[in-house]
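Please look over the sequence and the structure shown below, and then follow the description by topic.

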Amino acid sequence: MLPTPQAPLLQAAAGLTPERTPVWFMRQAGRSLPEYKQAREGIPMLDSCFMPELLAEITMQPVRRHDVDAAILFSDIVVPLKAAGIDVDIVPGRGPVMAAPIRTRADIDALPILDTNVEEVAQGIALINEELTPTQALIGFVGAPFTLASYLIEGGPSKNHERTKALMHDSPDDWHALMERLVPTITTFLRTQLDAGIDAMQLFDSWVGFLPQADYRTHVLPYSQRILASVRDAGYSIPRIHFGVGTGELLGAMAEAGPDVVGVDWRIPLDVAASRITAASQPKVLQGNLDPALLFASEDALRTHINRIKDEAARAIAAGNATGHIFNLGHGVLPTTDADAITRAVEIIHEER
């Protein structure tokens, strides 16, 4: 029998009742913090993800400032593509951009596959773990194959994912070939993080909410299942979180991918999300789901919505539709968010009621 973890986040993920509601925020590492901007001044985003001391410093900044219950590894979903040798850059104000988008089956067959540990990231994780206390967890993450495929096919961020969907439906064999090349790259990068000592992981599918459920089940679900299963297959029993944006209609199917925790965005109440999950799978721990824009609202409004979300989670647990709750935003911290507002939100979340 495993010992009871001291970190509230790990307790909640295990279906236990921690002394305080655990909270962390997606994109808490960087973006809104002045110390982040100072630390990364003059350093390109992707370069900073391969600098151990810098990525450790940026990862820890929000833990020190906000008293969140977990650090989220400072990285980006395209880091494993970069590590594999793919020419990708993160363009300020736009996002990941590919020098040579995928256009043919030959492009797919030539796509490099990451097959070695990313030592710079492993070194950064070691430095992070030296600073974290036993009550603080370190969450690693990887991008899911649909989102990475979309970046590769579209060449960058897309509003409609038209090339991606066209390939999926016109050339399904090519689509599955692309998935088969992406999964080992993702799992190798995840294994780097597991071996280095992360306490939990999140599979982050930014764009999958653009798919209907039938397409998700046919073209995405089997590959997300393999990535999440790889954690257990490698002998690790850490919590596995799965999150996507705009996925209210996909929550049941995403739960079938095999996570321990399902992230929910702000568009759907947590108790409603829980009922959709249990209609397709066993009850899961819920993560979420404050609208990031509410960090710009008054403290009274913020408190009202934090308490509403806590109540929704409590109802889901009482009804047997969820086994725990980890507080988070329904997506990432917005770049212009006041850092003091984040700190205050954490204080309110931690308050007993």
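## The hairpin

The hairpin of strands E2 and E3 has three residues between its strands, and Gly-93 in this hairpin takes a positive phi near 80 degrees. The structure is a predicted model.

Strand E2 covers residues 88-91 and strand E3 covers residues 95-98; the two pair in the antiparallel sense over four bridges. Within this pairing, Ile-90 stands opposite Pro-96 of E3.

## Aromatic pairs

Five aromatic pairs are found in the structure. In one of them, the rings of Tyr-36 and Phe-74 have centres 5.8 Å apart and planes at 65 degrees, so this pair is edge-to-face; the label applies because planes over 60 degrees apart count as edge-to-face. Tyr-36 belongs to helix H2 (residues 34-39), whereas Phe-74 lies in the loop between strand E1 (70-72) and helix H5 (79-84), so the pair ties together parts that are 38 residues apart in sequence. Both Tyr-36 and Phe-74 are buried.

The rings of Phe-146 and Trp-175 form a pair with centres 6.0 Å apart and planes at 50 degrees, so this pair is tilted. Distant parts of the chain are linked here: Phe-146 is in helix H8 (residues 145-154) and Trp-175 is in helix H10 (residues 172-196), 29 residues apart. Phe-146 has 0% relative accessibility and therefore counts as buried. Trp-175 likewise counts as buried because its relative accessibility is 0%.

## A ring cluster and a charge over a ring

Tyr-151, Trp-207 and Phe-210 are joined into a cluster by ring pairs.

Another arrangement involves a charged side chain. Arg-267 lies over the face of Trp-266, at 4.1 Å from the ring centre.

## The largest nonpolar core

In soluble globular proteins, nonpolar side chains tend to be buried together. The largest nonpolar core of this model has 123 residues, and among these Leu-178 and Leu-182 touch the most other members. Helix H10 supplies the largest share of this core, 10 residues.

Which residues are in contact with Leu-182, leaving aside its neighbours within four places in sequence? Leu-182 is in contact with Leu-81, Leu-111, Pro-145, Leu-148, Ala-149 and Leu-152. Of these residues, Pro-145, Leu-148, Ala-149 and Leu-152 fall within the range of helix H8 (residues 145-154), the helix that also holds Phe-146 of the tilted pair.

Definitions and conventions
Residues are numbered from 1 along each chain as its sequence is written. This is a predicted model: local features need pLDDT of at least 70, side-chain atom pairs count only at pLDDT 80 or more; totals for chains, interfaces and linings use all residues. Side-chain values use heavy atoms; hydrogens and water are left out. Rings of Phe, Tyr and Trp (its six-membered ring) pair if their centres lie within 6.5 Å; planes under 30 degrees apart count as stacked, over 60 as edge-to-face and the rest as tilted. Buried means under 20% relative accessible area, exposed over 50%, partly exposed in between (1.4 Å probe, protein chains only). A charge sits over a ring if NZ of Lys or CZ of Arg is within 6 Å of the ring centre and within 35 degrees of the ring normal. A nonpolar core is a set of buried Ala, Val, Leu, Ile, Met, Phe, Trp, Tyr and Cys residues joined through side-chain atoms within 4.5 Å. Contact means heavy atoms within 4.5 Å. Two strands pair if DSSP finds at least two bridges between them.
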